[in-house]
Amino acid sequence: MSFAVPAALMLAAIALPIIAFYILKVRLRRMKVSTNLFWKQVYEEKPPRSLWQNLRHILSLLAQLLLLLLLVLAAADPYFAWQALQARRIVIVLDTSASMRATDISPSRFEAARASIHRFLNGLRFRDEVAIVSAGHQPEVVLGMASHTPTLRRALDSVQPSDTAAALESAIELAKQLIGDHPNGQVLVYSDGCAQRIAAVETTLLTAIDDEKLAGANENLSQAANSASTSTSSSSETAPTTESNSELVEEPADEFVGELVGESKRDDQQNATVQVIHHTLATAAGNVGITQFQARRSLIDPVGYEVLVALFNASDLPIKGRLDLELEEIPVDVIPFELKPNETWTRSVEKTSLEGGVLRATLSQLAANAPESDSEQINTLPTDDRAWAIIPPRQVQDVLIVSPGNLFLRKVFEANPLVNVTVVNQLPDSWPAQSIVVLHRLIPPILPQGQLLVIDPENDSNAWSIGKMIENPIVTEQDEDSPLMTHIRLDNVLLPEAQEIKFGDVATTLAATVTGETVYALLNRSDGPCLVLSVDLERSDLAFRTTFPIMITNALSWFAGQPGELQPSVAGGQLAKLNTAAISPTETDNRTDETVAPDPSEVNDPPIRQRGLQLLSPAGAETAVLSQQVGPLDEIGIWDIVQAQSDKEESQSQTVQRFAVNLANAAESDLRPEEAALASSGGEGALTSAWFSRPVWFYLIVTATAFCALEWFLYQRRVIS
Amino acid sequence: MLFPPDFLTRLEYLSIMSKRVFRGSLLAQRRTMQMGSGIEFSDHREYSVGDDLRYLDWNIYARHGDLLLKRFQEERDLHVYLLLDCSRSMAFGKPAKFDLARHLTAALAYIALADLDRIAVVAFADGIISEFPITRGKARILPLMRYLESLPTTGQDTNLGRTVRGLLHRGSRSGLAVVISDLFDEHGFQAGLDQLRYRRFDAHVLQLHDPLEADPQLLGDVELEDIENDSVRMVTVTEKNLRNYKRLFQEHQFSVREYCTNYGLGCTQSPSVVPFDELVMRMMRMSAVGR
């Protein structure tokens, strides 16, 4: 026997004062009484301080010394050699992917797995070390190696299922690293077996390569997984995961097989001492889910939008139901569908909306499309029954056209439903504040403030001077990266002549001739942007080309500040990028320190962490935004980026960006576990220990308690009688 | 200081109260139980040869022919003997029983002296320790108080029987005998009281005890030291022992009370925390009810 804390044996010195007190106790308290007359009568039947009474005192001393001895031994934490040799190092990998929310096992697969782990912890042996790793989108060590069961239970209870895919393989690798070269290492994987479709690929790879190639194999595996996921969104008649792993996937079992007790599977590919034991908690439950849901603004219709939706029937029954589309809680469409077993159903829907907003898709009225079939087990995962997408709003813009008269110019603005056009044929006395001003030929000496589009200027202004006439200019240079030049080609436009313009300030050339003269330019003025097009609309065929309305549409969009047409929905667990253009600098950003010269880069682009941004989850949890990458977004629904607006009277938050997060993972929607995973599910019997599994100090404390009770009994006999 | 400055004032008040409330029933106003040559007729008895013919009731003889002798109650000064227990057990308690006993002795003596009775104080333990000789007159209260102040608790025992025997051997005249003691007498308190009864003493028992004697706060292993004889007894006091002790103590108190009731003796039992004047009033009230 050895002691973990041998220094605690020094506590045995406490026996000395106990013995001293015992000896001192022989000198009893002397109490004066007026007479012993009655006490003599009390003890007249039995002599006082009989032999048994003295013996009881000695027994009491022995009981106290034994009690002390037991407590000292318990503090020294003794253990036997066989206990040290048989101690295990166990890592529990708990699958927290979305499929663990399935309710085919009451209350859910995740809760069943958690309960199973709790039962395992009940039988933990002395000196066993246990760590807990959650396998969500990224493996995470919830608790490092610990032997304290209550701590393990608290850590286990803190784990919650996510709405993401499972990185089970990475979690197992992490678990193996935690175990290291311990001789009795075990990895216990509690999952529903669905993610093992990918794990099987890895296992095959691992058998063929050595440890040095392991990282490369993981990359290949990830690529394989990504390709499987990508193919899920494509329209096909069979499940993509089944296609990509057709050799490994067999028909799922039809009966409940969760927590099967069987022979444990030992994976010895990487480390011969590490056992990987899978516990599969799943049934062959069916499910129908939304595996793809995206929306974007139409390229043709300024107020239109397009929706791409994909459904997957991960069951062995034909399913019928309907897909409800709601835009900002207002129904916009109801699409009935019928799905064959393992069919992926894809539709593209076009709708119109000026305001845009949150588009939500919901599966409803699901039923088995076959007689005498059980409709309760066809959709057991609610996570993928809903999906969201963000449709950017459109802004109506006021446009003032100052022109001596050009029908094409007026019509190209009037054709846009997002524009309110006002036309005047001479320069006004005052300029509207919030309008885009289009100056055609008529140019004031001092350009007005705000957003300006200048076409074919005839005279000089404070920003430029008119030069010579350019004969037959040919546009050969275009700024392809500028959003102002998207879908525009000017090289085939017939331009008889154009004005040469000499800009006073630095101008960004958007289009230029072969000789270098600027035809279309952007002036970054301090009082508003200004676009200058030096093409004569009457003498060129630009007004007849499709390029012209596209150019005007680009200019209007650029003035409106709309970053793009598509705000893609994010898959659960992924990161999203922050749109810094939509975020206003805070007061803190504008504050300058008079004693320290500010960094010009910081003045122009203050750090994200100083802008007071908060990431608000669908459940209402807030986290600070510290970089342009936000996330991981591991909960389905609408995530908001809010910015605190410090007003003079009250502070309020403003939503500056929204993200739609969907499960969008066919592998997670397919709840049917592999038959191989079920067959290899390990039982709890081999993991739990025998009755005598507690440490020695525990039994010492129990014995000490017994001696304490004995001493109490003796005291009662001695004093209370 | 045993006697506070206002002690005499309280005694005077007590004396006045005793005369007003219990007029004709106290001490000197009592008639002795002796038949003798007094002038107050008591009863008749049969004539026997040798009796003084002067006391023959001739009227009855003339009417009925019976020879009856007239008896008269003898009128003599009442002798009050205050037997004060000075054993060391009387020093027990806070305040000590002995202090209350001396207060009571002084109070009773003052009342008696105020009624022109004769008093004597006999301090006893395992025998007579000392004696304040028989005296009369109210002025003797101060020497008596000095005598009481100088009394120590002493002796190795309490022996009321030996004390009474000593008292009787001195040829003391019968009278009122007040025994002020805790009566923790291993020889039995009955022997002393019996002798007083036999000698036609009008006896009254004033039994004092400390509250801790009735309900001792003891538990566990202790050495019990008898302060009377310094004997030590190592015992383990349990709850059961305590219950037995209390039972025996109450039985002792009851036996004293029962003895006095059976033989017509006055008996007053009190804890030592009661003020002396209250106790005297209670004692006199009980005497009045008894008569």
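**Figure 1. The contact between chain A and chain B in the predicted model.** Chain B brings 31 residues to the contact, and chain A brings 22 residues. On the side of chain B that touches chain A, strand 9 (220-226), strand 10 (232-237) and helix 8 (239-262) each supply at least two residues. That side of chain B has 12 nonpolar, 7 polar and 12 charged residues.

**Figure 2. Strand pairing between chain A and chain B.** Strand 2 (residues 29-33) of chain A pairs with strand 9 of chain B. The sense is parallel, and the pairing runs over 5 bridges. Within strand 9 of chain B, Val222(B) stands opposite Arg29(A).

**Figure 3. Chain B as a whole.** Chain B holds 9 helices and 11 strands. Of its 291 residues, 37% are buried. Contacts in chain B between residues at least 6 apart in sequence were also sorted by separation: 77% of them join residues at least 24 apart.

**Figure 4. Helix 3 of chain B and the residue that follows.** Helix 3 (residues 97-114) of chain B has 18 residues. From first C-alpha to last, helix 3 reaches 26 Å, close to the 26 Å expected at 1.5 Å a residue. Helix 3 of chain B is largely enclosed by the rest of the structure, because 17 of its 18 residues are buried. Burial here requires 20 or more other C-beta atoms within 10 Å of a residue's own. Just after helix 3 of chain B, Leu116(B) takes a positive phi of about 65 degrees.

Technical notes: Residues numbered from 1 in each chain as written. Chains lettered and ligands numbered in written order. Predicted model: local features only at pLDDT ≥ 70, side-chain atom pairs only at ≥ 80, totals over all residues. Contact = placed C-beta atoms within 7 Å. Helix = DSSP H or I, 4+ residues; strand = E, 2+ residues; numbered from the N terminus. Nonpolar A, V, L, I, M, F, W, Y, C, P; charged D, E, K, R; others polar. Pairing = 2+ DSSP bridges. Buried ≥ 20, exposed ≤ 12 C-beta atoms within 10 Å, placed from the backbone. Expected span 1.5 Å × (residues − 1).
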